[in-house]
Amino acid sequence: MSLNKKSVDDINVKGQRVLCRCDFNVPLKEGKITDENRLVAALPTIKKLIADGGKVILCSHLGKPKGEPKPELSLAPVAKRLSELLGQEVKFAADNEVVGANAKAAIEAMNDGEVVLLENTRYRAEETKNGEAFSKDLASICDVFVNDAFGTAHRAHCSNVGVAELVDTAVVGYLMQKEIDFLGNAVENPVRPFVAILGGAKVADKLNVISNLLEKCDTLIIGGGMAYTFLKAQGYEIGKSLVDDSKLDYCKEMMDKAEKLGKKLLLPVDSATITDFPNPIDAPVEVEVYDADKMPADREGCDIGPKTSEMFADAVKSAKTVVWNGPMGVFENPTLAKGTIAVAKSLAETDATTIIGGGDSAAAVNQLGFGDKMSHISTGGGASLEFLEGKELPGVAAANDK
Ligand code: AMP
């Protein structure tokens, strides 16, 4: 996939109607935005389009209204907060058809440098099916299209792919550009040694990521629940730990592949174990640490042990590029978060380029206060995983090449 995309810096939208797809999928509680990170992250691109003197039409999805208007998922609160953050009015185009009579009238009335926000794109059933009618509606209200929503880049929807294919000028925004630069460079052109760290619950969710990263990286580290299927495939007792027996052969294949390619594949050498999974997840637990070859049959591995934490941290120390996706254990429980914290800390302390692949690892890094120590924290969990799989992301592919 070509990653050399035209961006907002390559165009000037003076006097033009520019439709900008943002990721305003923010958490709401009783109509109040509880985390505005995504709004703040969208500001640089919006400000550039305003500074050019464009007629800036913003759009986004919010939650899953499943193709019909749901007042609790209206983007109206976002328009209000965005107005405050931008210091200028963001006019909300309330419209159950998203691009119906009311939205069209609001756009018709725009002056250069003004901003309008459309209603939740998923009020329209065609949106998630990339249906033609809604794509055409969106294309009819703009001269230029900007995609700055990385979180949905792995999906082909009307508001990121359909519309882009119907306009002559479709470019990426600053946020999208940053994701492409960091994730793209890490995978396609990394400064070596390149260490990739994978964790999380299931091997099955990350089959292609494991396989692709083995080809690209120098060292692949596997922790979290998914490591136990690898350990079982090596013949170790794993007790009651998470396992996917249908993937034992796959794990053997990956270990063979690592050996053939001369890549290091690091697996846990010890585990923090418990007898019963905590309920609720953060309930107190009694932990015992066992080496990988001494795991009792009645225990469940729920975090990497201290020797493993040290070994993984050493690997990170020697790296020049590190990509991390997935926690090393049941990090929602403070007693079982030590391995995840140790890995986060090792990334915070290195001078290497450090990239966090969204989702739980991004949340963990931010919660621990290491957010500003990372080179890049991806805004899209699913999208960044597909990037790491080496897949073409439809939302990126649809933008014009340079
Ligand atoms: P994922 O969504 O695949 O990134 O997985 C994240 C989830 O994996 C978190 O909710 C963790 O609690 C869980 N997890 C990580 N390690 C383990 C483990 N050893 N046993 C059970 N669950 C785990």
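**Exercise 1. Work out how helix α13 sits in the chain, starting from the residue that follows the helix.**

Just after α13, Gly-390 adopts a positive phi of about 85 degrees. The model is a predicted one, in which local features need pLDDT of at least 70, side-chain atom pairs count only at pLDDT 80 or more, and totals for chains, interfaces and linings use all residues. Residue numbers run from 1 along each chain as its sequence is written.

Step 1. Helices are DSSP runs of H or I with at least four residues, strands are runs of E with at least two, and both are numbered from the N terminus; α13 covers residues 381-388.

Step 2. A residue is buried if 20 or more other C-beta atoms, placed from the backbone, lie within 10 Å of its own, exposed if 12 or fewer do, and partly exposed in between. Six of the eight residues of α13 are buried, and the helix is therefore mostly covered.

Step 3. The buried residues are Ala-383, Ser-384, Leu-385, Glu-386, Phe-387 and Leu-388, and what covers them includes α6 (174-188), α7 (207-216) and β15 (321-325).

**Exercise 2. Determine how the two domains meet.**

Step 1. The bounds, which come from an automatic or database domain assignment, are 8-175 for domain 1 and 182-388 for domain 2, and the C-alpha centres of these domains lie 36 Å apart.

Step 2. With contact meaning that two C-beta atoms, placed from the backbone, lie within 7 Å, seven residues of domain 1 are in contact with five residues of domain 2. The side of domain 1 that touches domain 2 has four nonpolar, two polar and one charged residues.

**Exercise 3. Summarise the chain as a whole.**

Step 1. The secondary structure comprises 14 helices and 17 strands, and 50% of the 402 residues count as buried.

Step 2. Along its principal axes the C-alpha trace spans about 70 × 45 × 35 Å.

Definitions and conventions. Nonpolar A, V, L, I, M, F, W, Y, C, P; charged D, E, K, R; others polar.
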